Amino acid sequence: MNEQHEQGEFEPGFIIRGPADELHRQRRALELINGSHRPSDQYVNLTGNEGAFPLEPEDLASCNEWIAPGHVADSLKTNTLSHLGGNAHHSTSIASRTSSVVLGFLAVACSRAGRVLSIVPDNGSSHSSVVFAASTFELSLEEFSYQRFLAQPEYAHGFDCAIVTTVTSDLDEIPNEALADVFETLNTHELRFLVDDAYGARVRTVFRGGPRSLSIGADVVVTNGDKVGLGGPRCGILAGEPKLVNAVATWISEAGADARGPIHVALDRAFRNWSPERLRRDAEYGKLLSELLSMRLPFGMVESGLLGPTITADAAFEYCAGGSRSRSLSPVEITASIGMILLENGIMTVNALAGPGAKTSLRFKPTGSFQLPMSSVASKIVLAIDTVRDHSRDNEWIERTLVG
């Protein structure tokens, strides 16, 4: 089982030692939700993923598993291509996850024991699913910053395919001008490539005035249905060159990872509801939350980002446990515990709810509507951090918090 996380930041502890324990922690989080009887609209969402299923009453009649994709096919294709910069030449497909598209792309684009080139922003890394997929198919994965790649384009020779991560979940970015150069270089070397635009499809266009990936020469692009303000169901949205899209979609279907019918309907509705203003609103909430936390926590502990504040796992560990590994605790157990305390108090974070492979830093990205003022949200975060700090020497308390 793959135990690599993004940026190699995962450090096993005595409770969370790997993916199986992360899954146990996730199940414990779901038990807390089940026991709280709190309505879903009474949770504050700081995950960055809305995870909604935005159906209207008139949509329900279209949600039959067999006929749903047909009902919304034209509208969904039109909106997908508009969102990703495609034209009438391009094809589209919907998968259960963006990770499914990554797996499908590497399965069809790489030969056995082939080589994958990963191009990422400076200080960034590809999603954990890229590492997992390469390991699963026994492929060699080599990661280059976009600057290194553009300085040494000859390295494109000898690779089977490439994956370009335009914006990471930490919001490291490849600048607009450089992104066009990366695409042009890959096309010049006739290297097939997938653009991971889970964040970039909206961050780049809404905040940076940048181009849509298919409009500047991407082979195939994938984005996510519920990340960065789109507000739809969790799914992978694939578009690009017809032959490659069809090959990837075929693999995904055979693997049982295609999106079920009702997801097509909910995603179509999400596209119809999409407005850049909702993402700008989330970013404004994130800016306010950064300011509030910076005033209430030690100087330098909170890093402000485009969509909200981040506290690295090491910074949280230093603050809560004095940075000492002598008691076998690791940073992931500190940040996951903070996430679990926040969940008990009605605040959703990736640290409590995400499955194996998620980053261990505390990343607070306000998402959707809010029932609480941001000052109250900040107070709950500080209280959760201080609660874990007060109990950081009690391994039994940490274990109960994480896995029950």
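What volume does the largest cavity have? The largest cavity holds about 120 Å³. The model is predicted: local features need pLDDT of at least 70, side-chain atom pairs count only at pLDDT 80 or more, and totals for chains, interfaces and linings use all residues. Residues are numbered from 1 along each chain as its sequence is written, and side-chain values use heavy atoms, with hydrogens and water left out.

Cavities and pockets were located on a 1 Å grid over the protein atoms alone. A cavity is a set of points where a 1.4 Å probe fits but cannot get out. A pocket is an open set with protein on both sides within 12 Å along at least five of seven lines. Lining residues have an atom within 4 Å of a point. Grid points are joined across faces, edges and corners, and a volume is the space filled by probe spheres set on the points.

The count comes to 3 cavities of 30 Å³ or more. The lining of the largest cavity comprises 17 residues. His127, Asp196, Ala198, Tyr199 and Lys227 lie nearest its centre. Helix α4 (residues 98-109) provides the largest share of this lining, 3 residues. Helices (H or I, at least four residues) and strands (E, at least two) are DSSP runs, numbered from the N terminus. By class, the lining of the largest cavity has 5 nonpolar, 9 polar and 3 charged residues. Here Ala, Val, Leu, Ile, Met, Phe, Trp, Tyr, Cys and Pro count as nonpolar, Asp, Glu, Lys and Arg as charged, and the others, Gly among them, as polar.

Two of the residues nearest the centre of the largest cavity, Tyr199 and Lys227, are also contacts of Asn49. Contact means heavy atoms within 4.5 Å. Asn49 sits in the loop between β1 (44-45) and α2 (68-71). Its relative accessibility is 18%, so Asn49 counts as buried (under 20% relative accessible area; exposed is over 50%, partly exposed in between; 1.4 Å probe, protein chains only).

The second largest cavity has a volume of about 80 Å³. Its lining includes Glu22, Arg25, Val332, Asn351 and Lys359. At least two lining residues each come from α1 (19-36), α13 (331-344) and α14 (350-353). Of these, α13 gives the most, with 3 residues. The lining of the second largest cavity divides into 4 nonpolar, 4 polar and 3 charged residues.

The model has 0 disulfides (pairs of cysteine sulfur atoms within 2.5 Å). Cys63 is in no disulfide, and the nearest cysteine sulfur, that of Cys235, is 13 Å away. Cys63 is buried, at 18% relative accessible area. Cys161 is also buried, at 0%.

Gly256 lies in the loop between α9 (242-254) and α10 (261-273). With 59% relative accessibility, Gly256 counts as exposed. Its C-alpha atom is separated by 9.6 Å from that of Ser100, 156 residues apart along the chain.

Conventions: Lists of a residue's contacts leave out its neighbours within four places in sequence.
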